[in-house]
Structure formats: structure tokens, C-alpha cells
Amino acid sequence: MARVSGVLIDIDGVLTVSWQPLPGTVAALQRLRAAALPLALVTNTTSRTRTSIAAALAGAGFPVTAADILTAPVIAAAYLRERYPGARCLLLNSGDIVEDLADVTLARDGHAVDVVLIGGAGPEFSYQALNTAFGHLQRGATLVAMHRGLYWRTSEGLQLDSGAFVAGLEQAAGTKAEVVGKPAPAFYATALAHLGAAAAGTVMVGDDIENDVLAAQRQGLTGVLVKTGKYLPRALDNASGNPDHILSSFADLPVLLDQLS
């Protein structure tokens, strides 16, 4: 694995589905650890903190800690601290991620809002909640989205995600969301800095051809698409480019990395 200096790995749909390990993924990650290969798990998941994610993965046998995980909320917090210090943020998200939004000021009901911050979709995305967000955007608030994924796979099948609502808010309010999670270039830059690796020697493994794989390739990384999770055959037909590599699953990654070395 000498030519590969680091690996970025999506979690949902690549290592797990509904937090249950996909076949062979635990053993494959153990092989990467045994090779002392720098790696990070990068995810747009917004339903859990990275501490909670690490606990769930470790409990399933994956050799990871919270320090190995970069989430969209963590990236969003850093983005807001840099671009909008002190901004009052209306958070619309399914799941408790306050722990990962360090130093972000969350606005209380009825108070002024500077930033509408959109996380992952769920029951919280009611008409009332979306209409409240729309009202703040009309009054000049900035729209920041942790990601714009349209759907993800669970044990019950594909589920609608917040990208559909972000697009609706953009059109209704006549604004454009600032996206901080994958596929934003800043997300990959932060992940590479976390690894201490150069883009040219880093592999990105994901089940989303556009937001994981092709977005990483545009930043100079090697993209690997796995046919698990949200992968659908038609995704290749409609994609804006071609993955560098396609694997049946993450379980096949160690063999590919050996070939690349």
C-alpha cells in the first residue's frame, strides 16, 4: 500500500446500513489498520454525534474512535465560526448534534436569526418548521446546509433526505445554500488536513457517485464507488463522470489497495 498515503471512508451505505455492518467490512477495516494506513471516516450523517457514531461502530467490531470521524456538523461548526462568528443560528435537524456544534449560537424561538442551518431530514421537517425557516430567509438570513443529499438507505429502504427541502427553500426564498458537507471542496480539504495526506495519494470510498466519489476526484483524490448502500445502477448512467474504480463492496478494498501499491 506504499503509493496510497491515506483513505477516506464514508460510513452509511459503505461500512454499515442502519448501523449494522455490511458483510466483510469489519475485517476489511481491520486489514487497513494492520497496514498502519492513515484513514478517516467522513460522513454527512447528522443524526448522531461523532462520539455516538464511534461507540456504535466500535460496538459492532470496527477499530475506530471518535478521533477517526469527521461529520458534517463538525465541519459546519468550524465553517460558521470562521465565516459567521457570533451568528444566531436556527437549526433544523433530525437528531441531537449540539455536542458537535461547538461555539455555535443556537437561536431561541421567537428571536432573530442570522443563519438557517439545515441538517438531516426527519419528522422535525414539518410544514411549520420549514415555513419558519422560509420566513427567516425572506428577512435576510443566510441558508447553510450540512449537505444536500436527496436520500439514503436504511433497513426499510431508501428514505428522503434534506436535499429536497434545501432545494425547495432555495427556490422559494430566492437564495442559494452554502453547503459545508460532502461534496463541498472545503470538506475534503479539512479531511486531508486531518489525515496529513496529499490528495494525490488519498483514496475516497463511497456509495454516492456524485457527492462522495466524483466530488473527491475533482479535488484530486482517487475515487472508489461501492455497489452497496444508496448505489443504484442508473446512477452510473446519469452521473457527471466516471469513478476511478468500482467495487462490489468495501470488503474488496484491501485487494484494490494492494494493486495500487
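Visitor: Which strands does helix H6 lie across, and at about what angle does H6 run to E4?

Guide: Helices (H or I, at least four residues) and strands (E, at least two) are DSSP runs, numbered from the N terminus. Contact means heavy atoms within 4.5 Å, and angles run from 0 to 180 degrees between the N-to-C directions of axes, which are lines fitted to C-alpha atoms, for helices over the stretch in contact. In this predicted model, local features need pLDDT of at least 70 and side-chain atom pairs pLDDT 80 or more, while totals for chains, interfaces and linings use all residues. Residues are numbered from 1 along each chain as its sequence is written, and side-chain values use heavy atoms, without hydrogens and water. Here helix H6 (residues 185-195) lies across E1, E4, E5 and strand E13 (202-206), at about 155° to E4. Helix H9 (residues 253-260) also packs on the sheet, touching E1, E13, strand E14 (222-226) and E15.

Visitor: In what order do the strands of the sheet stand?

Guide: Two strands pair if DSSP finds at least two bridges between them. The open sheet has 6 strands in the order E5-E4-E1-E13-E14-E15, with parallel pairing. Strands E5 (69-71) and E15 (245-247) are the edges, each pairing on one side only.

Visitor: Why is E14 described as largely enclosed?

Guide: Buried means under 20% relative accessible area, exposed over 50%, and partly exposed in between (1.4 Å probe, protein chains only). Because 4 of the 5 residues of E14 are buried, E14 is largely enclosed by the rest of the structure. E14 pairs with E13 over 4 bridges, and Val205 stands opposite Val224. On the other pairing, 3 bridges join E14 to E15, where Leu225 stands opposite Ile246.
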